[in-house]
Amino acid sequence: MASLPSVDDSTPLAAQLSVDARRRIELHGRTFEKPAATRVITIANQKGGVGKTTSTVNLAAGLAQGGMNVLVIDNDPQGNASTALGIEHRAGTPSVYEVLVEGQPLAEVVQKCPDLPSLWCVPATIDLSGAEIELVSLVSRETRLRRAVDDYLQARVDEGLEPIDYVLVDCPPSLGLLTVNAFVVGREVLIPIQCEYYALEGLTQLLRTIEMIRQHLNPDLHVSTILLTMYDGRTNLAQQVAEEVRSHFPEQTLKTSVPRSVRISEAPSHGQTVMTYDPGSSGALAYLEAARELTRRGPVREPMRGDLVRARAGQDDEHHDRAAEQRPTAIQEDAR
Ligand SMILES: Nc1ncnc2c1ncn2[C@@H]1O[C@H](COP(=O)(O)OP(=O)(O)O)[C@@H](O)[C@H]1O
Ligand SMILES: [Mg+2]
């Protein structure tokens, strides 16, 4: 590091080059520390195009490059995560649909990612687009993915296979039953936020949904991580949005933000993540750094600070928990 020439980082380009050079040296061939137990992280934001899928696959690949065993669950009928990981997902391919709707064991639909030896993927096919409706009439419709994943993780241990260190679940851009299933399987939520004008809009509803799931279906669920995506440091707007997000979520927001990068957007058309498509690019280095940050900070469980959560999503917790105890949950209702 000391041998790096000091650079003039007064321009955004020079600053980026200097950050990239540092990351290239620091992160090359690095092995990350494994978590004590499997971390299940749901990547959610009901807005489309904010970088959910891109963050899911590239963080997953970054974690795998850092020596982690990683499972990606593509829970979006568009199947973009499957595409980016080079995973077969033509209609009829055994997928998350069969797991959710037909109760097929996860182990039977998991595929190995061709580019990275410790990365696996449960694909999504177009069949999943019907699941939102088909799930409505099924027993324990909210907890089907949770059960399948818990069984799979346990079966791996029973069979003497290496445990999965990270499960990353990609969500569709809605708050329907597919996303609810993803919130019930996850212990942590990672929210990608695009650094643009409407960034925080819709966040209130997302946080309220997460709070509702926490109270009724999954007491472990919490927002552990916020990742700023498509960050363009040359614009004041991006800087302002980033500052605002950091002020609302100081503990949750990763220090590493992901720059806008052409290489990131090109990679999926080659059936690859940017991590293998162009590992030396700014975007790949940023995702690798973000993956390392994720492993280092653990499942942050800070109470949400700031008025955004309490005032908009928040209710009086004590009052609310008591109400929740008296009310049957959706599962209990289903069981009747
Ligand atoms: N950092 C980035 N730089 C450039 N393009 C990006 C970046 N992140 C995502 N994109 C592009 O933006 C679009 C939306 O991203 P995507 O991850 O599919 O969002 P979502 O899953 O939230 O709908 C895609 O075309 C993707 O390639
Ligand atoms: Mg997506």
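Basis of the entries. I note that this is a predicted model, in which local features need pLDDT of at least 70 and side-chain atom pairs count only at pLDDT 80 or more, while totals for chains, interfaces and linings use all residues. Residues are numbered from 1 along each chain as its sequence is written, chains are lettered from A and ligands numbered from 1 in the order in which they are written, and side-chain values use heavy atoms, with hydrogens and water left out.

Entry on the ligand shell. Helices (H or I, at least four residues) and strands (E, at least two) are DSSP runs, numbered from the N terminus.

Entry on polar atoms at the ligand. I found a polar side-chain atom of lysine 52 at 2.9 Å from an oxygen atom of ligand 1. On the backbone, a polar atom of proline 259 is 2.9 Å from a nitrogen atom of the ligand, and an N or O atom of serine 261 lies 2.8 Å from a nitrogen atom of the ligand. Taken alone, ligand 1 exposes 550 Å², of which the protein buries 78%. Such areas come from the Shrake-Rupley method with a 1.4 Å probe; for residues, only the protein chains shown count as cover.

Entry on backbone angles. I recorded the general rule that most residues other than glycine have a negative phi. Serine 140, not a glycine, has a positive phi of about 40°. I located serine 140 in the loop between α5 (131-134) and α6 (144-158). Methionine 230 also is not a glycine and has a positive phi, of about 50°; its place is the loop between β7 (222-229) and α9 (236-248).

Is serine 140 buried or exposed? I read 9% relative accessibility for serine 140, which counts as buried. Methionine 230, at 22%, counts as partly exposed. Buried means under 20% relative accessible area, exposed over 50%, and partly exposed in between (1.4 Å probe, protein chains only).

Notes: Polar contact = N/O pair within 3.5 Å; in protein donor to acceptor, adjacent residues only side chain to side chain.
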